[in-house]
Amino acid sequence: MTRIHRPFRARRRRFALRSSRTVALGSALVIALTACSGSASQSGGAGKRKAPNAPVWRTDPHSVAALGDSITVGFDACTVLSDCPQVSWATGTDPKVDSLARRLVKHPATHSWNLARTGALMRDLPDQVTAAADRRPELVTVLMGANDACRRDARSMTPTAAFRADFARSLKYLRRALPRTQVYVAAVPDLLRLWSEGRKNPLGKQVWKLGICGSMLRDPDDLTKAAQDRRTEVRGRVMAYNTALAEVCGADPLCRFDKSVFDYRFTGRQLSTWDWFHPGTGGQKELAELAFRAITRPGRSA
């Protein structure tokens with residue numbers, strides 16, 4: 001009986017030893033997990049916000065691709081009915097404008113591209129994004145939407161839902177093709193202020209009769225309720241466009257929307273002396289300054 005009993009007690013001691021170690025390890029693991037959980041809850045989720053791989057906005061991009069419409073190619077800024085990209089706010093070479101590319105890029109002649117097109121609508125942005133993706137810029141600028149509101153009449157303006165869908169599709173493709181590229185989106189300018197400032201010039205009003213932005217600028221001296229309601233409708237559409245741009249851009253951590261372009265209190269001195277509609281050289285310079293401030297603002301993307 002003794003020979004049988006001793007091995008049995010030995011096996012029980014070995015089993016008890018293993019069980020004690022398991023309990024001790026398990027207890028330590030529970031304590032560690034509890035401590036981690038308590039720490040995370042006390043920090044209010046700060047650990048997630050400080051994730052080391054979260055995208056951070058860089059204030060010194062080394063290349064720029066500009067997308068947009070006639071504003072970005074400097075239409076009517078130098079001569080009548082002509083593009084003048086050398087004074088573009090985004091990629092121009094004229095030192096009087098001191099474009100974004102001149103301020104940010106060490107070699108702007110080879111590391112900046114103006115892909116904007118006069119007359120472009122938001123529905124044309126996907127094609128411009130495709131062209132930009134081929135060049136792999138570190139920063140893409142977008143200033144587009146004025147033509148969607150500046151139609152023959154208010155009924156012809158691009159619906160806000162379509163405007164939003166085209167912009168969202170463009171940004172989605174850009175992000176898929178260039179996951180690390182930053183995007184600066186300028187607000188659509190205030191067309192009502194354009195009317196109120198430009199109409200002060202008699203020659204400008206004569207030029208507008210040729211059909212420039214009929215939805216807003218037609219009959220500039222008509223102050224009847226119907227005319228005022230029309231202009232208010234156009235301004236409301238522009239504001240809806242800007243809301244769509246801000247919301248879509250805001251969902252992307254490497255996209256910054258700049259409302260200051262809509263809020264800027266420009267005067268006739270910033271308008272083209274050829275059409276009193278597009279920015280002149282002075283207006284292009286102001287756009288470059290607004291964009292530079294927004295892009296070089298430190299911190300995470302808005």
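## Basis and confidence

The model is predicted, so local features need pLDDT of at least 70 and side-chain atom pairs count only at pLDDT 80 or more, while totals for chains, interfaces and linings use all residues. Residues are numbered from 1 along each chain as its sequence is written, and side-chain values use heavy atoms, with hydrogens and water left out.

The average pLDDT (the predictor's confidence in each residue, from 0 to 100) is 86 for the chain, and 81% of the residues score at least 70. Over residues 1-51 pLDDT stays under 50, and the model has four contacts beyond four places in sequence for this stretch; a contact means heavy atoms within 4.5 Å. Where pLDDT is low, the predicted coordinates should not be read in detail.

## The sheet

Helices (H or I, at least four residues) and strands (E, at least two) are DSSP runs, numbered from the N terminus. Five strands form an open sheet in the order β2-β1-β3-β4-β5, with parallel pairing; two strands pair if DSSP finds at least two bridges between them. At the edges lie β2 (112-114) and β5 (255-258), each of which pairs on one side only. From one strand to the next, the twist averages 15°.

Strand β4 (residues 182-186) pairs with β5 in the parallel sense over four bridges, and Y184 has R256 in β5 as its bridge partner. Helix α11 (residues 225-250) packs on the sheet and touches β4 and β5, its direction making about 155° with that of β5. Helix α13 (residues 281-295) also packs on the sheet, where it touches β3 (139-143), β4 and β5; the direction of α13 makes about 135° with that of β5. Such angles run from 0 to 180 degrees between N-to-C directions, and axes are lines fitted to C-alpha atoms, for helices over the stretch in contact.

## Helices α5 and α7

The axes of α5 (residues 125-135) and α7 (residues 160-177) come within 9 Å and cross at roughly 15°. The two helices are therefore roughly parallel, the term for angles under 35 degrees. L125, P126, V129, T130 and A133 of α5 meet residues of α7 including F167, Y173 and L174.

## Helices α8 and α11

Helix α8 (residues 191-198) and α11 have axes that come within 8 Å and cross at roughly 135°. These helices are therefore oblique to each other, a class left over once angles under 35, over 145 and from 65 to 115 degrees are set aside. From α8, L191, L192 and W195 make the contact with Q228, R231, V234, R235 and V238 of α11.
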